[in-house]
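Me: I am new to this structure and would like to go through it step by step. Could the sequence and the model be shown before we begin?

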Amino acid sequence: MNERWVSLDAKRLRAMGHPLRLRLLGLLRMDGPSTATALGRRIGENSANTSWHLRQLAEAGMVVEDTERGNRRERWWAAAHEVTTMDVEQLAADPELAGSVGAYLHAANALHYEWMGNFISELPSWPQEWQRASELSDRRMFLSAEQAEELTERMAELIESYHREPEPGDAEVHVQWRLAPLRGYQP
């Protein structure tokens, strides 16, 4: 990976709004470089389709060709970044991007839901210490928009403080958090 973080701009947002592209990028981030054929097999798509979507991600700067692998007939791809962020307020303010913002957020939410569902299905096979360490809960709170923004920033800082290279005995974990109002805005 070339850089650790990338913030979505209009071009990247449009590329990332397709659920298949988000899934492909997620696989490259989690499992490392791969070919369109191998990725297609994993997700039940043909290699021509996955190849096209990988090229769209490459045009947006989300994936790069891994030139150290493969040959003229076999093209390898790698994620260009570890983490994607976006300024929802800025992008959603552009009427031309509102649909892309929604598509991206829906695709990301569906993928996160699937990942947690896979873990829950596999829960009995995990060692007890990982069963204890995992978490799936929610809290109901009353916050102002400013407090919600502060909480989100502090959670991101806390999670980032744990980032490090893997060590023997580590498991790769997927940290998710969501913060959204439960009901419509009431002044």
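Me: Is T35 buried or exposed?
Reply: T35 is buried, at a relative accessible area of 8%. Buried stands for under 20% relative accessible area, exposed for over 50%, and partly exposed for what lies in between, with a 1.4 Å probe and protein chains only.

Me: Before going on, what kind of model is this?
Reply: This is a predicted model, in which local features need pLDDT of at least 70 and side-chain atom pairs count only at pLDDT 80 or more, while totals for chains, interfaces and linings use all residues. Residues are numbered from 1 along each chain as its sequence is written, and side-chain values use heavy atoms, with hydrogens and water left out.

Me: Where does T35 lie?
Reply: T35 is in strand β2, residues 34–35. Helices (H or I, at least four residues) and strands (E, at least two) are DSSP runs, numbered from the N terminus.

Me: And which residues does T35 touch?
Reply: Leaving aside residues up to four places away in sequence, T35 touches E74, R75 and W76; contact means heavy atoms within 4.5 Å.

Me: What do E160 and R4 form?
Reply: Their side chains meet in a salt bridge, 2.7 Å from N to O. E160 lies in helix α8 (residues 145–161) and R4 in strand β1 (residues 3–7), so this pair ties together parts that are 156 residues apart in sequence. E160 is partly exposed at 30% relative accessibility, and R4 is partly exposed at 22%. R4, E82 and E160 are linked in a network of salt bridges.

Me: Which residue does R42 pair with?
Reply: R42 forms a salt bridge with D31, their closest N and O atoms being 2.5 Å apart. Since R42 lies in helix α3 (residues 36–43) and D31 in helix α2 (residues 19–31), the pair ties together parts that are eleven residues apart in sequence. D31 counts as partly exposed, at 48% relative accessibility.

Me: How do α2 and α4 cross?
Reply: The axes of α2 and helix α4 (residues 47–59) come within 10 Å and cross at roughly 80°. Axes are lines fitted to C-alpha atoms, for helices over the stretch in contact, and angles run from 0 to 180 degrees between N-to-C directions. That makes α2 roughly perpendicular to α4, a label for angles of 65 to 115 degrees; under 35 counts as roughly parallel, over 145 as roughly antiparallel and the rest as oblique.

Me: Which residues make that contact?
Reply: On α2 they are L20, R21, L24, L25 and L28, and on α4 they are N49, T50, W52, H53, L54, Q56 and L57.

Me: Last topic: how many helices and strands are in the chain?
Reply: The chain has eight helices and five strands. From the N terminus on, the elements run β-α-α-β-α-α-β-β-β-α-α-α-α.

Me: What share of the residues counts as buried?
Reply: Of the 187 residues of the chain, 25% count as buried.

Conventions:
A salt bridge is a side-chain nitrogen of Lys or Arg within 4 Å of a carboxyl oxygen of Asp or Glu.
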